[in-house]
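Please examine the sequence and the structure shown here.

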Amino acid sequence: MANAYTKLTDIINPEVMGNMIEAKISALCKITPYAKVDTTLEGVPGDTKTVPSWNYVGDAEDFSPEDGNEMETAKLTASSTTFTIKCAGKSIAIYQTAINSGLGDPIGQANAQLAKAIMGKVDNDVMDAAYTATTEVTAAGQIGYKGIVDAVAKFEDEEDGIEKVMFIHPNQEATLLKDADFLSADKFTGGVAVNGAIGKIAGCWVKKSKKVKKDGTSNYWMNPIIKLEPDSSETEYTETELPALTIFLKKNTQVDHEWFPKKQRHDITAAKYYGVALTNASKVVIAKFKVTATA
């Protein structure tokens with residue numbers, strides 16, 4: 001039987017590492033799962049994307065043909081946002097001595113750290129896009145049922161039960177848990193609650209994130225509420241009804257490995273090409289609640 005030898009390419013395989021890191025990114029992301037991923041830019045020329053948004057012409061009006069009049073015409077108008085695809089990347093250096101020593105798992109740690117770095121950047125960008133929404137509701141006090149109801153009302157839903165998720169800062173959790181109208185996640189049967197939600201209040205699943213920001217004066221938390229479902233299944237993901245947030249993916253996470261023999265060092269680099277946009281401002285409301293005295 002021939003001897004088997006472990007080669008450097010077995011230890012550091014960029015393609016395998018890329019798949020592992022992408023899987024870890026998907027598992028770690030807390031905010032990104034609530035953005036639709038658009039892959040239409042993959043494998044095609046160009047690095048800019050224009051996102052259209054059609055404006056409503058208004059409800060129909062009464063019209064009587066017998067009067068000999070003509071219908072008044074309305075002008076179809078649209079706004080748009082154009083942005084450029086960018087690269088989010090991180091590089092880690094590992095010296096050969098660390099691999100030779102067998103102390104710990106430097107390659108595995110590189111995988112974990114690169115995944116965390118890319119995940120953090122994508123989540124930041126999605127949250128930043130959510131904060132570009134212009135609909136805000138400022139509550140009189142700390143986070144609670146009445147203030148959330150006022151914020152949810154801004155969606156002007158015509159149907160009940162449309163799923164929404166609200167992000168709160170961990171410092172707001174204790175206040176919310178004491179609210180009599182808060183339903184903790186253990187009150188729901190398995191598979192019903194949004195993954196990672198701590199509970200539900202006023203029709204919103206609640207998730208914690210330290211990426212939730214304060215306003216400029218630091219007197220209020222700014223809690224994004226994102227509408228997850230379309231008003232109509234027939235118009236879902238069309239120009240008529242775009243999702244709240246969209247990640248335009250140009251190239252998924254790619255890992256590259258460089259070996260510098262004079263330095264006896266490995267550089268492992270991960271990069272992801274994408275852009276994030278608020279594609280439907282009507283599906284995001286920023287609810288503002290007073291900061292607690294200890295926050």
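The points that follow are grouped by topic.

This is a predicted model, in which local features need pLDDT of at least 70, side-chain atom pairs count only at pLDDT 80 or more, and totals for chains, interfaces and linings use all residues. Residues are numbered from 1 along each chain as its sequence is written, and side-chain values use heavy atoms, with hydrogens and water left out.

**Helix 2 and helix 4**

- Helices (H or I, at least four residues) and strands (E, at least two) are DSSP runs, numbered from the N terminus.
- Helix 2 (residues 14-28) packs against helix 4 (residues 106-130) at an angle of about 50°, and their axes lie 8 Å apart.
- Helix 2 is therefore oblique to helix 4; angles under 35 degrees count as roughly parallel, over 145 as roughly antiparallel, 65 to 115 as roughly perpendicular and the rest as oblique.

**Strand 11**

- In strand 11 (residues 220-227), 8 of its 8 residues are buried, that is, under 20% relative accessible area.
- Tyr220, Met222, Pro224 and Ile226 point one way from strand 11, while Trp221, Asn223, Ile225 and Lys227 point the other way.

**Partners of strand 11**

- Strands pair if DSSP finds at least two bridges between them.
- Strand 14 (residues 284-290) pairs with strand 11 in the antiparallel sense over 7 bridges, and Phe289 in strand 14 stands opposite Trp221.
- Strand 6 (residues 164-168) pairs antiparallel with strand 11 over 3 bridges, with Met166 partnering Ile225.

Terms used:
Axes are lines fitted to C-alpha atoms, for helices over the stretch in contact, and angles run from 0 to 180 degrees between N-to-C directions. Buried means under 20% relative accessible area, exposed over 50%, partly exposed in between (1.4 Å probe, protein chains only).
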